Amino acid sequence: GELLSLQWADVDLTRGELRIQARKAKARKLRHIPIVARLRAVLEMGRHDPAGHPIGPEGYVFGDEVGHRLTSQQKAWETAVLKAHGHSPTWVRHGLAPDSRDAFRTIDLRFHDLRHEAGSRWLEQGLPLHHVKELLGHASISTTDTYLNASRIHLRESMLEMEKRGKSGTKVAHRGVGQPGAGGREQQEDAVKSLPH
């Protein structure tokens, strides 16, 4: 819904951001999405109609070739998925022909899977969980955490970082912490400081 309702008036290439209006957002909250270089190139290519004229601010970014609104992305999605997997889709009056429909079901890739994949990659590359929450438009951080299994990803990353520090010679206090005669509170504080954040 957010994709199909995005208009060129909400694209600011100068500031490098998309504006998702609250009335169009699932969580009913205004948010801004940064435009990275690859997205900028795609947007710039789609900014003009086939005659080379720029589509006006009321035109739809993910509309038809002249900026008219589309009601569904289903046909475009199914075509893209099938072509990406080497199948040339055949269409009949009410959708994909049986052989194309079978091929699409075998691939088992949903449009929503891309959103999940993006969120997971952002986390893996070190984007803070609360930033991923904002980009995905989740109302609650717990939704993002559950949706992406974020805790498992961060736990693994933290353990790998700790292991790497240990191998590189960085001291990681672990023996004798809290034991009588082993340095007491000062050593505990040093041990806590050595843990990855």
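**Briefing: pocket, cores and an aromatic pair**

The largest pocket holds about 2300 Å³ of space. This is a predicted model, in which local features need pLDDT of at least 70 and side-chain atom pairs count only at pLDDT 80 or more, while totals for chains, interfaces and linings use all residues. Residues are numbered from 1 along each chain as its sequence is written, and side-chain values use heavy atoms, with hydrogens and water left out.

**The largest pocket**

- A pocket is an open set of points on a 1 Å grid over the protein atoms alone, where a 1.4 Å probe fits and protein lies on both sides within 12 Å along at least five of seven lines. Its volume is the space filled by probe spheres set on the points, which are joined across faces, edges and corners.
- The lining consists of 46 residues (those with an atom within 4 Å of a point), and L3, L39, F62, F111 and L114 lie nearest the centre of the pocket.
- Among the elements that give two or more residues to this lining are α1 (2–5), β2 (17–20) and α3 (74–84). Helix α5 gives the most, with 8 residues. Helices (H or I, at least four residues) and strands (E, at least two) are DSSP runs, numbered from the N terminus.
- By class, the lining has 28 nonpolar residues (Ala, Val, Leu, Ile, Met, Phe, Trp, Tyr, Cys and Pro), 9 charged residues (Asp, Glu, Lys and Arg) and 9 polar residues (the others, Gly among them).

**The aromatic pair**

- The whole structure contains 1 aromatic pair, a term for rings of Phe, Tyr and Trp (its six-membered ring) with centres within 6.5 Å.
- The ring centres of W77 and F111 are 5.2 Å apart and their planes stand at 90°, so the pair is edge-to-face (planes over 60 degrees apart).
- Because W77 lies in helix α3 and F111 in helix α5, the pair ties together parts that are 34 residues apart in sequence.
- W77 is buried, with a relative accessible area of 11%, whereas F111 is partly exposed at 34%. Buried means under 20% relative accessible area, exposed over 50%, and partly exposed in between (1.4 Å probe, protein chains only).

**The nonpolar cores**

- A nonpolar core is a set of buried Ala, Val, Leu, Ile, Met, Phe, Trp, Tyr and Cys residues joined through side-chain atoms within 4.5 Å.
- The largest core has 12 residues, including W8, I35, L43 and L135.
- A second, separate core of 7 residues includes L123, L129, V132 and A150.

Methods:
Rings of Phe, Tyr and Trp (its six-membered ring) pair if their centres lie within 6.5 Å; planes under 30 degrees apart count as stacked, over 60 as edge-to-face and the rest as tilted.
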